[in-house]
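This report describes selected features of one protein model. Please look over the sequence and the structure shown here before reading on.

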Amino acid sequence: MDFGTAKKAYLILSDGTVFTGKSFGKEGTFIGETVFTTAMTGYQEALTDPSYCGQIVTQTFPLIGNYGVNSHDFESNGSVVGGYVVREKCDEPSNFRCEGTIDSFLKKHGIVGIYDIDTRCLTRKIRETGVMNGMITTEEFEKEAALEKIRSFVMEKPVPKVSVKAPEKFEGENARFNVVMMDYGYKHSMRKELQKRGCNVTVMPWNSTAEEVMAQNPDGIMLSNGPGDPASNPEAIETLRNLISKQIPTFGICLGHQLLALANGAKTIKLKYGHRGGNQPVADIDKDRTLITSQNHGYAVEDGSLPEGVGYISHKNGNDGTCEGIRYTNAPAFTVQFHPEANGGPQDTGYLFDEFIKLMEGNK
């Protein structure tokens, strides 16, 4: 690989820090929220996770692309990541399933990338000061003008950008249940976990009404993951508020967890730098055990904000004590902040899909 021929690229943070590296993927400029993920594997799953919509994603693991990319492991039909930051990229992947390089993937999906920068320094900065806006550019720039654009950037309502526009139906294996998946930016692994457990899945737009959901005659409702501030989705919150009285078994993940909490009168807060990666410890309070989980979120349900008589916190983060799960007492529902469908792992919490099946069985 000839590093000397690579075009220069720059990462400018809103605090004025500038990292100089090399360009890969699409050339040009992108502004977004700069975050980091600590996952050691699963970079293509991260790149195709709709929860990263409009963000600049930094991989803390130093080498990315060594097994290439393949469409079988994608978590959506494409990528909505805006910028990508790595220490070292691999242009000669080795894997029998490989269909292309990380560079070709970024070019195909219009993602501006930068490599050969100190990602440890960048990660420490985000951890110490918090998530901040940034710009990746391959163009010459005037710093003060760039900073003005970076600091004024606001990501507007990303959920409508990643949700389906009309209902989509998928058949399950030896199906026994009909599940409605509220699509706030769902990962395909979530649907596949339901299908292999005997569920026909109808994926519905994020702003579907309670009447439209009930018209599907669901045995259960799945609330998906997704990007952005949960409080910026009042239509989705109103739908869930109207569905609570229907007493349909419900399972929520990530953004779905936050939205159901808001529908029940709780509050959400923005975390300093979020939880993103495959090694987050979570305490399951009911089972008195600690789980290792995959996570990708920047907001959390505020501790103590859930009204009395609605439910209780069932899971807590082992690092910062934030809410990681709620079991509801006013409806047959439970939600978690982490990803039990995690690919590429860990698989510690896949049993929660089995609990959802049991909840639907008990409601028939």
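Is Phe 251 buried or exposed? At 0% relative accessibility, Phe 251 counts as buried. Buried means under 20% relative accessible area, exposed means over 50%, and partly exposed is in between, with a 1.4 Å probe and protein chains only.

The model is predicted: local features need pLDDT of at least 70, side-chain atom pairs count only at pLDDT 80 or more, and totals for chains, interfaces and linings use all residues. Residues are numbered from 1 along each chain as its sequence is written, and side-chain values use heavy atoms, with hydrogens and water left out.

**Aromatic pairs**

A search of the whole structure finds nine aromatic pairs. One of them joins Phe 251 and Phe 353, with 5.5 Å from centre to centre and 75 degrees between the planes, and is edge-to-face. Rings of Phe, Tyr and Trp (its six-membered ring) pair if their centres lie within 6.5 Å; planes under 30 degrees apart count as stacked, over 60 as edge-to-face and the rest as tilted. Phe 251 lies in strand β14 and Phe 353 in helix α10 (residues 351-363), so the pair ties together parts that are 102 residues apart in sequence. Helices (H or I, at least four residues) and strands (E, at least two) are DSSP runs, numbered from the N terminus. Phe 353 is also buried, with a relative accessible area of 0%. Ring pairs link Phe 251, Phe 334, Phe 353 and Phe 356 into a cluster.

**Helix α6**

Strand β14 and helix α10 are also among the elements that cover the buried residues of α6, together with β10 (168-170), β11 (177-182), β12 (199-204) and β13 (220-223). Helix α6 (residues 188-195) has seven of its eight residues buried. These are His 188, Ser 189, Met 190, Arg 191, Glu 193, Leu 194 and Gln 195.

**Helices α8 and α9**

Two packed helices are described by the angle between their axes and the distance between the axes. The axes of helix α8 (residues 234-243) and helix α9 (residues 255-263) come within 8 Å and cross at roughly 65 degrees. That makes α8 roughly perpendicular to α9, a term for angles of 65 to 115 degrees. On the α8 side, the contact (heavy atoms within 4.5 Å) is made by Ala 236, Ile 237, Leu 240 and Arg 241. On the α9 side, the residues are Leu 259, Leu 260, Leu 262 and Ala 263. Seven of the contact residues are nonpolar, none is polar and one is charged. Ala, Val, Leu, Ile, Met, Phe, Trp, Tyr, Cys and Pro count as nonpolar, Asp, Glu, Lys and Arg as charged, and the others, Gly among them, as polar.

| Residue | Loop between | Relative accessible area |
|---|---|---|
| Ser 51 | α1 (43-47) and β4 (55-59) | 6% |
| Asp 116 | β8 (112-115) and α3 (119-129) | 28% |
| Cys 254 | β14 (250-253) and α9 | 2% |

Asp 116 is not a glycine, yet has a positive phi of about 65 degrees. Cys 254, also not a glycine, has a positive phi of about 60 degrees. Asp 116 is partly exposed, whereas Cys 254 is buried.

Ser 51 is buried. Which residues does Ser 51 contact, leaving aside its neighbours within four places in sequence? They are Asn 225, Gly 226, Pro 227 and Asn 296. The C-alpha atoms of Ser 51 and Val 159 are separated by 8.7 Å, while the two residues are 108 residues apart along the chain.

Methods
Axes fitted to C-alpha atoms, helices over the stretch in contact; angles between N-to-C directions. Parallel < 35°, antiparallel > 145°, perpendicular 65-115°, else oblique.
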